[in-house]
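Open your viewer and keep the selection panel at hand. We will walk along the chain one stop at a time.

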Amino acid sequence: MKTYLLPSLKLTVILLVILAGIYPLAIAAVGKLTPGHGDGQTIQYKGRTVGYANMGQKFTKDEYFWSRPSAVDYHADGSGGSNKGPSNPDYLKDVEKRIQDFMKHNPGVSRAEIPAELVTASGSGLDPDLSPAGAKVQVARIAHIRGISAERINNIVDAATEKPLLGLFGPAKVNVLKLNLALDQLKAKN
């Protein structure tokens with residue numbers, strides 16, 4: 001018994017030191033090197049923090065770009081998806097309600113033009129980004145309400161579009177919070 005107990009205790013202590021001490025400290029040190037220094041990258045507007053760059057927020061006013069739906073209503077403390085599959089009747093009702101709501105607020109957009117991301121929640125429930133198509137399908141509504149040309153708003157979307165990393169990795173994306181702040185800045189300049 002001694003031949004097994006002593007080595008297993010040693011291994012337990014070594015792994016405890018590595019996994020509960022050294023590894024978390026190493027990850028925290030790497031986090032300090034990132035934008036936001038491990039606390040999240042905040043976005044400032046007019047001298048105050050308005051949100052985080054990597055956390056989605058709810059935008060429902062017609063004068064703003066809408067975010068991707070959230071299964072957790074954008075609560076970061078309980079992030080997660082709905083875990084409902086495409087054959088679940090409740091899920092299908094939610095998606096249909098979102099489609100109808102989107103079409104009501106965007107009367108010139110047909111059902112086929114609505115990108116899936118605008119009516120389906122993400123896995124985390126906190127996606128801060130849309131595809132450029134997800135933003136551009138909303139331009140006509142925003143241009144009409146704000147009294148700004150669709151061309152100027154399309155230019156804002158194009159300027160805010162982040163290309164794939166090295167042109168290869170990941171999709172093009174647009175941060176909704178940054179996009180809406182750019183809209184407000186455009187309004188302030190007029």
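Here are the stops, with what to select at each.

Before you click, note that this is a predicted model, where local features need pLDDT of at least 70, side-chain atom pairs count only at pLDDT 80 or more, and totals for chains, interfaces and linings use all residues. Residues are numbered from 1 along each chain as its sequence is written, and side-chain values use heavy atoms, with hydrogens and water left out.

**Domains.** Colour 1-39 as domain 1 and 52-185 as domain 2; these bounds come from an automatic or database domain assignment. The C-alpha centres of domain 1 and domain 2 lie 40 Å apart.

Next select strand S1 (residues 42-45) and strand S2 (residues 48-52), which pair in the antiparallel sense over four bridges. Strands here are DSSP runs of E with at least two residues, helices are runs of H or I with at least four, and both are numbered from the N terminus. Two strands pair if DSSP finds at least two bridges between them. Find Gln-44, whose bridge partner in S2 is Thr-49. Two residues separate S1 and S2 in this hairpin, and Lys-46 in the turn has a positive phi of about 55°.

**Open sheet.** Now show the three strands ordered S3-S5-S4, with antiparallel pairing. Strand S3 (129-130) and strand S4 (161-162) stand at the edges with a single partner strand each, so one side of each has no neighbour in the sheet. S4 is joined to strand S5 (residues 173-175) by two bridges; Thr-161 has Val-174 in S5 as its bridge partner.

**Helix pair.** Finish with helix H4 (residues 139-146) and helix H5 (residues 150-160), packed at an angle of about 125° with axes 9 Å apart. Axes are lines fitted to C-alpha atoms over the stretch in contact, and angles run from 0 to 180 degrees between N-to-C directions. Which residues of H4 and H5 make the contact? Show Val-139, Ile-142 and Ala-143 of H4 with Ala-150, Ile-153, Asn-154 and Val-157 of H5; contact means heavy atoms within 4.5 Å.
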